[in-house]
Amino acid sequence: MSSRPEPLLLHGIPFSQPVRAVMWLLLYKRMPFEMVPVNPGSKSESGSRNPAYLAKNPGGTIPTLEEPDSGFVLGEAHAIMCYLANRHGWTDVYPSDPKQRARVDWYLHYHHRNLREASIGLVAPRIRKDLAIPEATQQSAIGTFTRALRALDTGWLAQSAWLAGEQLSLADFAAYVEIGQLQPEFTNLHDFEPFPNVRRWLGQMKQVDRHDDAHACLGALGDISRDAPSMDAIRDANVRGLAVVRQRVAEFG
Ligand SMILES: N[C@@H](CCC(=O)N[C@@H](CS)C(=O)NCC(=O)O)C(=O)O
């Protein structure tokens, strides 16, 4: 009698952009997994700076993926997504052709000091007051993000339907969690009017399977452009997001 494999563990919370990218990919692929809530930056028992968590991921960031069956542990959202695609043969989102795959990798590397700055310049100052991000750092991050958005609009997304070519890939999941969070129906923190190709792509991404489930926490939090949300509102949004994800995974059977 063969025993069922233990579900994967994903450490993190849905409001975290890199966690959301992995979460969405797992939902999209209907891969059973369990969310283990971990608070970013906290030294508490369930925090990412707690010694028990640091033993799994020395960098102290979320997400971390854990495979109970093999004991394998992996950090960094993009490394996790590539691993999952390699392990499970998801060549639809991570093509096997070396050149096509390299285009996906190109974006995944570009993302970190470019589009990722959306969270440093726009989102974190409102939801992580404890970080006290200096105004100059915020402005610099917004400038970097805006330049990267323009590069997407006039380059990648002007040349192809999706970020790395003519099909949805890991690059799109990675980019959307940063850019998509700023739309009017979520945090409402950026104007996309000057970026027509980005707007077209945002529309496509909203049609990707499980988009709404992966973004339930952002929908629950809503517009934060006028007032920074309370800690209670952020916690409630994460609780809502976790509940939706758990419900969907339960339905995978
Ligand atoms: N490059 C990392 C970034 C992860 C990251 O910055 N996670 C944030 C939450 S969105 C975090 O864990 N911050 C806690 C800390 O730095 O103490 C990845 O893509 O996984």
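Reader: What do S3 and S4 form, and how many residues lie between them?
Author: S3 and S4 make a hairpin, with four residues between the two strands. In the turn, glycine 71 has a positive phi of about 80°. Keep in mind that this is a predicted model.

Reader: Thanks! In which sense do S3 and S4 pair, and over how many bridges?
Author: Strand S3, residues 64-67, pairs with strand S4, residues 72-75, in the antiparallel sense, and there are four bridges.

Reader: And what stands opposite valine 73?
Author: That is glutamate 66.

Reader: Which bond joins isoleucine 62 and proline 63?
Author: A cis peptide bond, with omega at about 5°. Proline 63 sits in the loop that runs between helix H2 (51-56) and S3.

Reader: Nice, I'll watch that one when I set things up. Where is arginine 30, and what is its phi?
Author: Arginine 30 lies in the loop between H1 and strand S2 (33-36). Its phi is positive, about 50°, although arginine 30 is not a glycine.

Reader: Why does arginine 30 count as partly exposed?
Author: Because arginine 30 has 13 C-beta neighbours inside 10 Å. A residue needs 20 or more to be buried, and 12 or fewer to be exposed.

Reader: What about asparagine 188, what is its phi and where is its place?
Author: Asparagine 188 is not a glycine either, yet it has a positive phi of about 60°. Its loop is the one between H7 and helix H8 (196-206). Asparagine 188 counts as partly exposed because it has 15 C-beta neighbours inside 10 Å.

Reader: Let's switch to H1. Is H1 mostly covered or mostly open?
Author: Mostly covered: eleven of the twelve residues in H1 are buried. Among them are Arg20, Met23, Trp24 and Leu27.

Reader: How far apart are the end C-alpha atoms of H1, and what span should it have?
Author: The end C-alpha atoms of H1 are 16 Å apart. At 1.5 Å a residue, its twelve residues should span 16 Å, so the two agree.

Reader: Good. How is the protein chain divided into domains?
Author: Domain 1 takes residues 8-91 + 230-252, and domain 2 takes 98-212. Their C-alpha centres lie 20 Å apart. Each side brings residues to the contact, twelve from domain 1 and twelve from domain 2.

Reader: Which elements give two or more residues to the side of domain 1 that touches domain 2?
Author: H1 and H3 do. H1 gives the largest share of that side, seven residues. By class, the side of domain 1 that touches domain 2 has nine nonpolar, two polar and one charged residues.

Reader: Last one: what covers the buried residues of H5?
Author: The cover includes helix H1 (17-28), helix H6 (135-159) and helix H7 (170-179). The buried residues of H5 include Glu117, Gly121, Leu122 and Pro125.

Methods:
Residues are numbered from 1 along each chain as its sequence is written. This is a predicted model: local features need pLDDT of at least 70, side-chain atom pairs count only at pLDDT 80 or more; totals for chains, interfaces and linings use all residues. Two residues are in contact if their C-beta atoms, placed from the backbone, lie within 7 Å. Domain bounds come from an automatic or database domain assignment. Ala, Val, Leu, Ile, Met, Phe, Trp, Tyr, Cys and Pro count as nonpolar, Asp, Glu, Lys and Arg as charged, and the others, Gly among them, as polar. Two strands pair if DSSP finds at least two bridges between them. The expected span of a helix is 1.5 Å times one less than its number of residues.
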